Amino acid sequence: EIMPPPPSKAKVHPASLDNQVLDNMLRTTPQKTLLRFLTSELDAVDKTTAMQLIDALGPPFAADMQVRDVDASKVRKMMDRLHKMEFDAPSGRVLSPAGEYNLHLGVMKEMRPDMI
């Protein structure tokens with residue numbers, strides 16, 4: 001049996017974020033600036049989208065703002081703005097196919113066909 005490649009780690013999509021998750025991500029990221037954090041840690045956020053978000057947030061937010069300077073009130077403001085924005089659907093690049101054997105088992109279990 002040929003094994004499909006293992007799935008890789010997916011980035012967090014902005015639509016699935018909440019205050020606590022975003023705060024935790026900001027505390028643990030190796031990225032130093034807000035722009036680098038947004039573009040490298042979140043799915044469906046490219047540089048253009050990140051700059052639109054930062055501009056919409058207004059001062060004191062800036063592309064070169066240090067991630068460690070984002071406190072709880074700024075996290076809330078970021079979440080409010082993120083939930084108002086529209087993003088592309090999450091990427092499926094990191095998913096791993098089930099494989100023929102597992103697909104066969106699933107069909108047999110769920111559909112109980114008379115013939116295959």
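This is a predicted model: local features need pLDDT of at least 70, side-chain atom pairs count only at pLDDT 80 or more; totals for chains, interfaces and linings use all residues.
Helix H3 covers residues 47–57, and helix H4 covers residues 72–84. Their axes come within 10 Å of each other. They cross at roughly 120 degrees. Angles of 65 to 115 degrees count as roughly perpendicular, and those over 145 as roughly antiparallel. The pair H3 and H4 is therefore oblique. The crossing of these two helices is right-handed.

Now look at the side chains where they touch. H3 brings Leu-53, Ala-56 and Leu-57 to the contact. H4 meets them with Lys-77, Met-78, Arg-81 and Leu-82. Sorted by class, the contact of H3 with H4 has 5 nonpolar residues and 2 charged ones. No polar residue takes part in the contact of H3 with H4.

H4 has another partner to follow. Helix H1, residues 19–28, packs with H4 at an angle of about 120 degrees. The axes of H1 and H4 lie 10 Å apart. That angle makes H1 oblique to H4. This crossing, too, is right-handed.

Which residues of H1 and H4 make the contact? From H1 come Asn-19, Leu-22, Asp-23 and Leu-26. From H4 come Val-75, Arg-76, Met-78, Met-79 and Leu-82. The contact of H1 with H4 divides into 6 nonpolar, 1 polar and 2 charged residues. Trace Met-78 and Leu-82 in the structure. Both residues of H4 meet H3, and both also belong to the contact with H1.

Step back to the whole chain. The protein chain has 5 helices and 0 strands. Read from the N terminus, its elements run α-α-α-α-α. Is the chain compact or spread out? Its radius of gyration is 20 Å. For 116 residues the globule rule gives 13 Å. The value for the chain is well over that, so the chain is more spread out than a compact globule. The extents of the C-alpha trace can be set beside this. Along its principal axes, the trace spans about 65 × 25 × 25 Å.

Two totals complete the picture. Of the 116 residues, 28% count as buried. Buried here means under 20% relative accessible area.

Key. Residues are numbered from 1 along each chain as its sequence is written. Side-chain values use heavy atoms; hydrogens and water are left out. Axes are lines fitted to C-alpha atoms, for helices over the stretch in contact, and angles run from 0 to 180 degrees between N-to-C directions. Helices (H or I, at least four residues) and strands (E, at least two) are DSSP runs, numbered from the N terminus. Angles under 35 degrees count as roughly parallel, over 145 as roughly antiparallel, 65 to 115 as roughly perpendicular and the rest as oblique. A crossing is left-handed if the near helix is turned anticlockwise from the far one by less than a right angle, and right-handed if clockwise. Contact means heavy atoms within 4.5 Å. Ala, Val, Leu, Ile, Met, Phe, Trp, Tyr, Cys and Pro count as nonpolar, Asp, Glu, Lys and Arg as charged, and the others, Gly among them, as polar. The radius of gyration is taken over C-alpha atoms; the globule rule is 2.2 Å times the number of residues to the power 0.38. Buried means under 20% relative accessible area, exposed over 50%, partly exposed in between (1.4 Å probe, protein chains only).
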